[in-house]
Every structure is written in C-alpha cells, then in structure tokens.
Amino acid sequence: MTTPVLETRNLTRRFGGLTAVDNLSLTLPGGKLHAIIGPNGAGKTTLFNLVSGLLRPNAGQVLFRGRDITGLPAHEISRLGIKRTLQVKSVFAQLTVAENLWITFEGSNRFLHPFRDAASDPAARERVSRTLEQIGLTALARRQAGTLSYGDVALLEIGMALISDPQLLLLDEPTCGMSPAETERAVAKIREMARTIDIIIIEHDMPVVFGIADAITVMAQGAILASGNAKEISEDERVREAYLGRPEDEDYVEEAVNA
Amino acid sequence: MSAATAINRVMMAAFAAFLVSVPWSVPALINSFWVSVIAEILIWSLFAASVNLLFGYVGLLSFGQALYFGFGMYGVAIGISDLGLSFWPAFGLGIVASMAMALVTGIFAVRLTWHYFAIITVVFSLIFYFLALSNKWLTGGDDGINFTLPPTFTFGGTKWALTDPTFQYFFILTTVALCFWLMHRLIGSPLGKAFLAIRDNDVRASLIGLNVYLLRLIAFVLAGFLAGVAGALFAFFGRYASATYMFYQVSGEGVVWAIVGGAGTLFGPIIGTTLFIVIREVVSTHWEHHSLIVGLMAILVVILAPKGLVGLWRAALEHFDQDRASKPVSQTLRVEP
C-alpha cells in the first residue's frame, strides 16, 4: 500500500468555546482530485489553515506523504511542496502580474540575493513567460495585480499555483465569485492540473464539485459526515439533511403555505 | 524611451551636477553657511531612507529609528574619545553598534506589525534614551561627548581631515550616495522583491515559502545600518554625540520626511528632508512656531497625496505621457528609480 498524500490524525482546533475542527481523522490517497464540501462553519477552511501552517492544532497530527508536518511554520510547509490559495483572492496587489509570478517562483529559495538585478535570472524569466502563456495573461504582464478584474486575479492565482511546482495543491473556493464563463475556464485548468498534481478543493458550487471531483468528503461541525464518490454523496440522506438543508426549507414552504 | 523617463534622467543629471558643484556654487550664490545645511540635509536624508526602507518597502512603521542613529553617533564619539580609535575604526564601530542594536531589538520587534510594531520601537528607543541620559560616565548625558576629529586619510606627510569643509562635504556626499546606490540595488534585487511581497500581503508571502519573520528582521537590521551610517556621519559632522538625538521626536521627524517625500520611492526621503530642513532654516529665524507649517504640510500631503510628493510628480509625468499619446513603454521587471 502506498503512503497517502495527506493524512490527519485526531486533528482538533478550538477557538475559545467553539471547536472548529473536532478530532478529525482523514486519509487522502494520491492521484485523485479530492473535494471537501460542507455547510458554512463546518471547519473546511480551518482544516486548510491547519494543513498549510497558518494555524497550529490544539491536538492531533498532520502527515504529508508520511512525514509529520504538525506545527511547522507556513513557509516551511510551503517549501515541502504544499501550496494553497486563499478563499478571498489574494495576490500581491502593488506588484505587477509578472512580478507576482516571479516572486512565487523564487519564494522557495533559501537565498535571496540582496544586490543582483532581479530581472537577470534567465531561468526564472523563461518560466514566468511560459506560465503567463499558460494562463493567458501575457498581455497583462506589466499591469499591477491590484488593477486586474476579479476573474483575471483568479487566473493569476492559478498561475501562481502552477509556477510554484506544487506536490499538493489546496484550493479554497477557486470559482467563488466567478462568472459562468470564468468558472468554466478555471475548472478546465484545475482538471488539467489534476493530471499531474494532487489537488484538494473546497467548493460551494455543487455542479463544479460533482463535475470534477474523484472523491468527496463532507464535513459538518468540524467532523466528517460522509465520504465517497459524487453519486454516493448526492444520494446520502445525512448529507442532504446537514448540507442541503432540505427538510428545513420544506418547513418554510409549508409555513408559508399555511400562513 | 518615453518623455517622462527623459525628463527624469535630465533632472537626475542636473541634481547630481548641482550636488557636486555645491562647495563652489552655493557660497557664490547664497553664502557658505548653506553648504553645511546641504551636508546636513544629505545626512538626514539617509536617516529618512532608513524609515522608508522599513515603511515603504516592508510595511513596518518604525517610530524608533533615532535609537540606531544615536548608536551610530555614540559608536563614533566613544570610539574616538574613550577608546582612542582613529577615523575608520570609529566609523566602523558606530555602524556595527547600530546594526547590533537593530538585531537585538529587531528579534522582539518584528514579531509584531502595525501599531504594535510602532509602539515597541518607540518603547525601545525611550528605554535607551533614558539609559543614555542617566549614564553620564559613558554618554555625557545631556551635554553629550565632544571629541577632536582624527584625520580621515594620511599619505606620508599629507593629511585629509573633515576639518576642511570641502573635503567634509564630499566625504558626506560620497558616503550618502553610496548608501542610496546600495539601496537602489537592494530594491531591484530578489531580496527587495521579497520585501515588497511581504509589504503587500504577508500571509500570502508565507504561503509561497518566504520566511516572513527572518526577512523582516533582515530589513530591520539593514534599516539599522542606514540609520547608523547617518548617525556616524552626523557625529563626525558635529564633532559630538548627544542623547538628545535618540529622542523619539527625532524618529518622528524621519517618519514625516519619508512619508511627505514619498514612502516606497528611493528619492522620496531626499525630497521630504530637503523640504522640511529648508523650511526650518528659512522660517525659524523669523518665526519660532515653524513646526506648525511642518504639521500642516504633513497633514495635507497625507490626505491629498498618499504617495507623497514623488507620487504627485509621477502622476503628473504619467498624465503628460498620456497626453502625448505615446504608447506604454515596455519595461523589464519594474525597478523603483
């Protein structure tokens, strides 16, 4: 049996009285596009924060390819090859598109030269222009990232994920706020990346999740509610109750009718 | 090359030519007193550049840079008067002392950001200000330490010392220009780009593998270097060191100069420092409340020109370029001028 790409053991994170991630044990085998879904407040983003090192767990372990990475600082986890995007699109607003890609490429270097010209590294320059072509932003290379449209920022985020050569990519609601056309473009890119990279995606857009995910984990109140493929999940009664909230909605409808 | 770039280059050349001609042109046009005012402006520009490196390029607002300026001054003064060092070792001692102090305080300070960072830098500078005041045996307290200048270079029988005003001016100009050139290289380098990334978005920076804490500490020590060189030069310039230059009001002036001139631009601190020192020199002889003008100008600039005077100038040039309907220039990776 091969080692799973990501494993959590009894992972727990509390914020005051709230347990955001509750004794969560999760095993994600490699080679699949994995989706995590769940209602708001289920602890999905907290789980990403624990894996990527932005938060430390109160208890439990995170293992990446069998290696314990619990409590490592974010930059070291990033250097191991776990890269992620943030729920709120976040790039370096005052740097240009090309510079955003460039610094992401160089970010994992331990030594950053203090006095050499940044533009002088031919390998980095070549890689930046190749990535610009891949995401179709070559024409906007000199634009400040803060002036880009929302969809272009999302593409730039994907470009930054690509150029960082991830081994495991965590995408936090990558299509959130996108137009249908932009979503389609992003989904195609994600599918293409998933052929070579292990990807875990948090997503609210159900058609997107059911369309691209090989395996789905449903979280509710910090714990796993169900896991399986798209068909199993969509037919699971508990998932319907917790996530889709069908009965409550029907209550509202009945109330409205009876009123 | 666009018209804006051309205009900037011509102005830079004129500015450099003026600086080199100061010891002859200024006495002829005004009087020789202004030569030393300009030397002082150069030194304080370097101090403002230290604030600017932290605030404009890394996003850390320090209200305590006077501490490292003061350590540069005392390193020189104590080195010469107590340890009997000659010129260069004393200069070196001043710079090393301020960088070491920046490292020690930075280890604690750069764990924090924003107002917490600003507060802790003030606290550190106040602690050492009062320590310097009370330890009279070492620092001379309020009176400070006066010392006699050793020669800068000695070749056989000939000596060059800062007692020659022209030599002193060029020594200061060369040192300050060298520091600004180093900062220019730094801003365009991989390390400089990493600083900018942290300024823009520190969480994202850590997620792409940048060690945010270490990089902020490096920036803090480099800013300590700039402030230390400025302090050491100022000690040579005034032939003394005093605790009054470690007070937080001095730090605050550096912040105002950098922000009004344009934080995040190489020349902003020079513009801001020049403006305010000229105002001080011209107005203070007629009117004792000249700091009112300083305050008013600072408020106006912060409200009306968030990127300072250099930002206004750039916007004007851009406008000019667009009016000429010239195509956007192709550039390599952006390097701050």
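Is Arg65(A) buried, partly exposed or exposed, and how many other C-beta atoms lie within 10 Å? Arg65(A) is partly exposed, because 18 other C-beta atoms lie within 10 Å; by the criterion used, a residue is buried with 20 or more other C-beta atoms within 10 Å of its own, exposed with 12 or fewer, and partly exposed in between, C-beta atoms being placed from the backbone.

The model is predicted, so local features need pLDDT of at least 70 and side-chain atom pairs count only at pLDDT 80 or more, whereas totals for chains, interfaces and linings use all residues. Residues are numbered from 1 along each chain as its sequence is written, and chains are lettered from A and ligands numbered from 1 in the order in which they are written.

Strands are DSSP runs of E of at least two residues, helices are runs of H or I of at least four, and both are numbered from the N terminus; two strands pair if DSSP finds at least two bridges between them.

Arg65(A) is placed in the loop between β4 (59–64) and β5 (67–68) of chain A, and its phi is positive, about 50°, although it is not a glycine. Asn23(A), in strand β2 (residues 18–28) of chain A, is also a residue other than glycine with a positive phi, near 50°. Asn23(A) counts as partly exposed because it has 15 C-beta neighbours inside 10 Å.
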